[in-house]
Amino acid sequence: MRIRDYRPSDAPVLADLYARSVRGIGPRFYTPEQVAAWAAQAPTVERVREAYGDGRVALVAVDAADRPVAFSDVETDGHINFLYCAPEAAGRGVMSALVDVLEARARALNHPRLHVEASEAARPFFLRRGFTLLGRQDLRIGDVPIHNYAMEKWLKPPKTGTAPAQS
Ligand SMILES: CC(C)(COP(=O)(O)OP(=O)(O)OC[C@H]1O[C@@H](n2cnc3c(N)ncnc32)[C@H](O)[C@@H]1OP(=O)(O)O)[C@@H](O)C(=O)NCCC(=O)NCCS
């Protein structure tokens, strides 16, 4: 397993990986209706190319055949948008290795803070990485109620004078 920068030729695999990840891992945490609604949010290949061509840091973990098995990114404002691992690769430290590199890249770019809307599946992952839970967010995808968690991690002390919460 290797971590490398995203390439536009990865986009079809990533669009597919999103839906496979949600359908394969999501049912441990969400109802069938919620999983279906979430999977339907999978980006198109064009959307992946557009999003990942906007200057953000976008990384993939690849197998021996250079095929992505996980991906994530940090936008220019420090927001982590996508974070998806193939079901067959989950629970083996793949995303931890990827997010180690993502955080190092964010620090190198002087991002003061990372923030994310974490799924029920991702919440423990981010807590282990020193993110702070800001609150639960109850949302709807169409008619389907679903929730996630706003989380953040300060890479530098905030400038506002407000100390970051300790985790
Ligand atoms: C969340 C997700 C990306 C984690 O990827 P992963 O490759 O399985 O994570 P890792 O194997 O690197 O896990 C790192 C650590 O967190 C733990 N962990 C990961 N997911 C966990 C979970 N849901 N509950 C408890 N612990 C979890 C692992 O056991 C591991 O612990 P360790 O370092 O002590 O061994 C993956 O579960 C996923 O793709 N989920 C579906 C999509 C999703 O929810 N995306 C998030 C959108 S914000």
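Student: Let's start with D54: which residue does D54 form a salt bridge with, and how far apart are the closest N and O atoms?

Tutor: In general you look for a side-chain nitrogen of Lys or Arg within 4 Å of a carboxyl oxygen of Asp or Glu. Here, in what is a predicted model, D54 bridges to R56, with 2.9 Å between the closest N and O atoms.

Student: Is R56 buried or exposed?

Tutor: The cut-off to keep in mind is that buried means under 20% relative accessible area, while exposed means over 50%. R56 has 10% relative accessibility, so R56 counts as buried. D54 has a relative accessible area of 42%, so D54 is partly exposed.

Student: Which salt bridge does E103 form?

Tutor: E103 goes with R107, and their closest N and O atoms are 3.8 Å apart. Both sit in helix α4 (residues 94–108), 4 residues apart, which is about one turn of the helix.

Student: How many salt bridges does a search of the whole structure find?

Tutor: The search turns up 18. One of them joins the side chains of D10 and R4, at 2.9 Å from N to O, and both of those residues are buried. D10 and R4 also belong to a network of salt bridges that links them with R2, R7 and D66.

Student: On to sheets. What is the strand order in the antiparallel open sheet?

Tutor: To read a sheet, follow who pairs with whom, since two strands pair if DSSP finds at least two bridges between them. This one runs β1-β2-β3-β5. β1 (2–5) and β5 (83–85) are the edge strands, each pairing on one side only. From one strand to the next, the twist averages 20 degrees. Inside the sheet, β2 (residues 57–62) and β3 (residues 68–74) are joined by 6 bridges, and V60 faces F71 in β3.

Student: Which strands does helix α1 touch as it packs on that sheet?

Tutor: Helix α1 (residues 11–25) touches β2, β3 and β5, and its direction makes about 100 degrees with that of β3. From first C-alpha to last, the 15 residues of α1 reach 21 Å, close to the expected 21 Å. Its buried residues include V13, L14, L17, Y18 and I25. What covers the buried residues of α1 includes α2, α3 (45–51), β2, β3 and β5.

Student: What is the order of the strands in the open sheet with mixed pairing?

Tutor: That order is β4-β6-β8-β7, again 4 strands. β4 (79–80) and β7 are at the edges with a single partner strand each, so one side of each has no neighbour in the sheet. Helix α2 (residues 32–39) packs on this sheet, touching β7 and β8, with its direction about 65 degrees from that of β8.

Student: How many residues of β8 are buried?

Tutor: 9 of the 11 residues in β8 (residues 144–154) are buried. β8 pairs antiparallel with β6 (residues 113–118) over 6 bridges, and L114 has K153 as its bridge partner. The β7–β8 hairpin has 2 residues between the strands, and G142 takes a positive phi near 65 degrees.

Student: Where is S119 placed, in terms of β6 and α5?

Tutor: S119 lies in the loop between them. At 13% relative accessibility, S119 counts as buried. Beyond its neighbours within four places in sequence, S119 contacts Y30, W38, N148 and Y149.

Note on methods:
Residues numbered from 1 in each chain as written. Predicted model: local features only at pLDDT ≥ 70, side-chain atom pairs only at ≥ 80, totals over all residues. Heavy atoms only, no water. Buried < 20%, exposed > 50% of the residue type's maximum accessible area, 1.4 Å probe, protein only. Contact = heavy atoms within 4.5 Å. Axes fitted to C-alpha atoms, helices over the stretch in contact; angles between N-to-C directions. Expected span 1.5 Å × (residues − 1).
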